[in-house]
Amino acid sequence: NMSHEIRTPLTAILGYTEVLREDALATRAPLERVHSIETIRRAGEHLLTVINDILDISKIEAGRMLIEHVPTPLPRVLFDVDSLMRSRAAAKGVTLTTSLVTPIPDQILCDPTRLRQILVNLVGNATKFTTRGAIRVRAERLPATDSRHTPTFALRVSDTGSGISPDFLPHLFEPFQQEAGRVQGSETGIGLGLPISRRIARALGGDLTVASNSDQGCEFLFTFTAEADD
């Protein structure tokens, strides 16, 4: 009920902040003013992310999360996320690669928005916690395990980052939980991305799990079921 009332004013703030930024750059305003506008914009974008996560978890807990089953170009979704996140990884000196381990259909019946949301979250987290090495996204089709032979797909996101301590692993998918000292400054979130992603994965007929250890990187395994759209 509050979604529109919360998002609309913040969207206006972000829109007019961008107008102010463009005007400041065009008129060669003092650098301090430009930096102040950038601070407002970054804070607004972070707040919008927090609001979206809180609204998502509220919708899930209220049983109001709708999952679509529409034609979805899975390879395109994978490589769109790759293109979106590649520059962010490169800025940290980290390589990002996406590959198809097995043949997968060009089109599946799934929810492209939620699929993209999980992938962006997983690759975004890998980028936060990786300062050297590589991030790999691998997609494959697994053998069907149900009586209807519904295809199961697996997306693995692995990194060479700081890893997760064994003590924190049992709490990783609990809302508002964050490992102390793992991320600092503007990279800090509120601990909702992974809990939301796991619940969406389960709504898609699969799951989201992780294998990790301190200083040894992580591998997240996201599975979901979807019929091929022939």
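The model is predicted. Five helices and seven strands make up the secondary structure of the protein. The radius of gyration is 19 Å, close to the 17 Å that the globule rule gives for 230 residues, so the protein is as compact as a globular protein of that length.

**Overall fold**

- The C-alpha trace spans about 65 × 40 × 30 Å along the principal axes of the protein.

**Helices α2 and α5**

- Helix α2 covers residues 31-61 and helix α5 covers residues 193-203.
- The axes of α2 and α5 come within 10 Å and cross at roughly 40°.
- This crossing of α2 and α5 is left-handed.
- On the α2 side, the contact is made by Asp53, Asp56, Ile57, Ile60 and Glu61.
- On the α5 side, Gly193, Ile196, Arg199 and Ile200 take part.
- By residue type, the contact of α2 with α5 has four nonpolar, one polar and four charged residues.

**Aromatic residues**

- The count of aromatic pairs in the model comes to two.
- One aromatic cluster is formed by Phe153, Phe222 and Phe224.
- Phe173 has Arg198 over the face of its ring, at 3.8 Å from the ring centre.

Terms used:
Residues numbered from 1 in each chain as written. Predicted model: local features only at pLDDT ≥ 70, side-chain atom pairs only at ≥ 80, totals over all residues. Heavy atoms only, no water. Axes fitted to C-alpha atoms, helices over the stretch in contact; angles between N-to-C directions. Helix = DSSP H or I, 4+ residues; strand = E, 2+ residues; numbered from the N terminus. Left-handed = near helix turned anticlockwise from the far one by under 90°. Contact = heavy atoms within 4.5 Å. Nonpolar A, V, L, I, M, F, W, Y, C, P; charged D, E, K, R; others polar. Phe/Tyr/Trp six-rings, centres within 6.5 Å; stacked < 30°, edge-to-face > 60°. Lys NZ or Arg CZ within 6 Å of the ring centre and 35° of its normal. Rg over C-alpha atoms; globule rule 2.2 N^0.38 Å.
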